[in-house]
Amino acid sequence: MRLPIFRPATAAAADFVDFWAAHWRKQDRANDERLYEPNISKPFTAERVMALFEWKNQMPLAAKKRRTAEKIIERLADLAALPRDTSPEDFLDRFKHGRAIWRIFLLHCWSHSYGDRKYPIYDQHVHRAMSYICEHRIEEIGEWNDAKKIDAYLNKYVDFFQGFRGCEPQKADQALMVFGRFVKSYKLVEPAS
């Protein structure tokens, strides 16, 4: 079987997305329908924030993560008052509740509330997919500090994700997540040429 692996600057982005997003797990699809889709791209409320972060967490929030989400909820008025043209750097500097991946997810949700989808979801799986696609290697971010994760997101991943313009952003997110999990599970290596 020939597995589509997207390479930047090729026309294969749609093939990659179609193939890998089709392998989005049934459980993930159910969580999308229950928690993500009804709450994304809508004005923030306490209930929506909790649902979105539960979706991101892929399980109910433990006490520490719940406190982080509650601190974000305390700042819903600040989120609503942010100008639409707030830079991602400024956004992430203003909202420091939680670790980098959660702050980036909040940026993603906030940008969607304006109908803007240029700030994709970021985590270990999509980063792994990007590094394999772009650099033919597996790079893990688990031990990185928050500053390094934010730098990689803003200076590499956001631009990389633009290579999927023309694809449904949520479907591209799913494809990269599935592919990143696949790379880790099967410890892919670039074939010798």
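Predicted model: local features only at pLDDT ≥ 70, side-chain atom pairs only at ≥ 80, totals over all residues.

## The largest pocket

Five helices each supply at least two residues of the lining of the largest pocket: helix H2 (26-36), helix H3 (46-57), helix H4 (63-73), H7 and helix H8 (124-135). The volume of the largest pocket is about 640 Å³. It is lined by 21 residues, and those closest to its centre are Lys56, Asn57, Lys65, Ile101 and Trp102.

By class, the lining of the largest pocket comprises 6 nonpolar, 8 polar and 7 charged residues.

## The cavity

The structure contains 1 cavity of 30 Å³ or more. For the largest cavity, the computed volume is about 90 Å³. Its lining is made up of Trp24, Asp32, Tyr36, Trp55, Ile121, Val126, Gln170, Asp173, Gln174 and Met177. H10 provides the largest share, with 4 residues. In terms of residue class, 6 of the lining residues are nonpolar, 2 are polar and 2 are charged.

Asp173, one of the residues lining the largest cavity, is found in helix H10. Is Asp173 buried or exposed? Its relative accessible area is 10%, and the limit for a buried residue is under 20%, so Asp173 is buried. Apart from neighbours within four places in sequence, Asp173 is in contact with His108, Pro120, Ile121, Val126 and Phe161. Of these partners, Ile121 and Val126 are also named in the lining of the largest cavity.

## The nonpolar core

The largest nonpolar core consists of 61 residues, and Tyr122, Phe164 and Leu176 have the most contacts inside it. Helix H7 (residues 100-113) gives the most to this core, contributing 9 residues.

Which residues surround Leu176, leaving aside its neighbours within four places in sequence? Leu176 is in contact with Phe16, His125, Val126, Ala129, Ile133, Tyr157, Phe160, Phe161 and Phe164. Val126 is also a contact of Asp173 and a lining residue of the largest cavity.

## Aromatic pairs

The count of aromatic pairs comes to 22. In the pair formed by Trp55 and Phe105, the ring centres are 5.8 Å apart and the planes meet at 25 degrees; planes under 30 degrees apart count as stacked, so this pair is stacked. Because Trp55 lies in helix H3 and Phe105 in helix H7, the pair ties together parts that are 50 residues apart in sequence. Trp55 and Phe105 are both buried, and Trp55 also belongs to the lining of the largest cavity.

Phe160 and Phe164 form an edge-to-face pair, with 5.6 Å centre to centre and 75 degrees between the planes. Phe160 and Phe164 are both buried, and both are in contact with Leu176.

His112 lies in helix H7. Its relative accessibility is 7%, so His112 counts as buried. Not counting residues up to four places away in sequence, His112 touches Tyr36, Ile40, Ser41 and Arg117. Tyr36 is in turn part of the lining of the largest cavity.

The C-alpha atoms of Tyr36 and Asp90 are separated by 25 Å, and these residues are 54 residues apart along the chain. Asp90 lies in helix H6 (residues 88-94). With a relative accessible area of 29%, Asp90 is partly exposed.

## Loop residues with positive phi

Which backbone values stand out in the loops? Gln58 is not a glycine, yet it has a positive phi of about 65 degrees. Gln58 lies in the loop between H3 and H4. At 35% relative accessibility, Gln58 counts as partly exposed.

His136, also not a glycine, has a positive phi of about 55 degrees. The loop that holds His136 is the one between H8 and helix H9 (146-161). His136 has a relative accessible area of 38% and is partly exposed.

Methods. Residues numbered from 1 in each chain as written. Heavy atoms only, no water. Core = buried A, V, L, I, M, F, W, Y, C linked by side-chain atoms within 4.5 Å. Buried < 20%, exposed > 50% of the residue type's maximum accessible area, 1.4 Å probe, protein only. Contact = heavy atoms within 4.5 Å. 1 Å grid on protein atoms, 1.4 Å probe; cavity = no way out; pocket = protein on both sides within 12 Å on 5 of 7 lines; lining within 4 Å. Points joined across faces, edges and corners; volume = space filled by probe spheres on them. Nonpolar A, V, L, I, M, F, W, Y, C, P; charged D, E, K, R; others polar. Phe/Tyr/Trp six-rings, centres within 6.5 Å; stacked < 30°, edge-to-face > 60°.
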